[in-house]
Amino acid sequence: RKLKQLIFFSIAFVALLCLTVPVSAVEYNVGVEAGQWIKYGNYNVEDSGDEGTIPVWSKLEVSAVAGSEILFFANGFYRNGTEFYYHMERSIEANTTLIIGANLTAGDKINPTEDVRINKTETRSYLGVDRSVNRLEFTTLSSTGNYTAVYVYDQNTGLLLEYFVEEKVTAENLDYEYRYSYNIIDT
């Protein structure tokens with residue numbers, strides 16, 4: 001009789017646990033394909049660093065897609081007139097900067113490995129077109145300063161459309177401000 005009670009309560013506990021543990025039905029799919037590209041401009045940078053490494057514009061072209069991995073070819077010009085170009089690989093399962101999964105919505109994790117979630121899904125106009133976008137925003141405050149970052153991604157492709165970061169540090173013998181922002185100018 002005790003064995004039957006133990007089995008019954010164990011099954012009831014597992015059933016109750018299944019009802020209370022959230023299940024994620026989010027699928028992380030790549031929303032771009034080879035040949036698609038995006039161009040960034042309007043770089044606004046306030047930093048005491050090297051002006052030569054701040055772009056005037058940059059372009060990312062999707063070179064290849066394999067599973068959750070995307071290979072980009074990047075090129076552009078720095079403010080000092082120097083051209084740059086390189087390849088970089090990103091994953092929608094482990095990266096939060098240039099691309100996230102396609103068709104995510106507010107409340108979804110930006111990737112399966114992090115707890116960071118999309119704050120808001122809204123409509124914004126870019127290049128004369130209304131787009132459904134995902135906004136990711138976070139702020140860290142401390143006694144020595146603060147950090148704010150805002151990422152705006154195209155919902156359909158997961159590509160970054162707009163970026164803003166601001167950091168202020170006020171600690172003993174250190175007073176530092178940094179701002180960096182840019183946005184889509186062509187696609």
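The model is predicted. The count of aromatic pairs comes to 15. Tyr43 and Tyr182 make up a stacked pair, with 4.9 Å between centres and 25 degrees between planes. That pair joins distant parts of the chain, 139 residues apart.

**Aromatic pairs**
- Tyr43 belongs to strand 1 (residues 37-46), and Tyr182 to strand 9 (residues 174-186).
- Tyr43 has a relative accessible area of 11%, so it counts as buried.
- Tyr182 is likewise buried, at 11% relative accessibility.
- Tyr178 and Tyr180 form a tilted pair: 6.3 Å centre to centre, with 35 degrees between the planes.
- Tyr180 is buried, because its relative accessible area of 16% falls under 20%.
- Ring pairs tie residues into a cluster, including Tyr40, Tyr43, Phe138, Tyr178, Tyr180 and Tyr182.
- Tyr147, Tyr151, Tyr153, Tyr163 and Tyr176 are also among the members of that cluster.

**Charges over rings**
- Lys39 places its charged end over the ring of Trp57, 4.4 Å from the ring centre.
- Lys59 has its charged end over the ring of Trp37, 4.5 Å from the ring centre.

**Positive phi**
- Most residues other than glycine have a negative phi.
- Asn103 is not a glycine, yet its phi is positive, at about 60 degrees.
- Asn103 sits in the loop between strand 4 (83-91) and strand 5 (120-126).
- Leu127, also a residue other than glycine, has a positive phi near 55 degrees.
- Leu127 is in the loop between strand 5 and strand 6 (129-142).
- Leu127 has 42% relative accessibility, so it counts as partly exposed.

Notes
Residues are numbered from 1 along each chain as its sequence is written. This is a predicted model: local features need pLDDT of at least 70, side-chain atom pairs count only at pLDDT 80 or more; totals for chains, interfaces and linings use all residues. Side-chain values use heavy atoms; hydrogens and water are left out. Helices (H or I, at least four residues) and strands (E, at least two) are DSSP runs, numbered from the N terminus. Buried means under 20% relative accessible area, exposed over 50%, partly exposed in between (1.4 Å probe, protein chains only). Rings of Phe, Tyr and Trp (its six-membered ring) pair if their centres lie within 6.5 Å; planes under 30 degrees apart count as stacked, over 60 as edge-to-face and the rest as tilted. A charge sits over a ring if NZ of Lys or CZ of Arg is within 6 Å of the ring centre and within 35 degrees of the ring normal.
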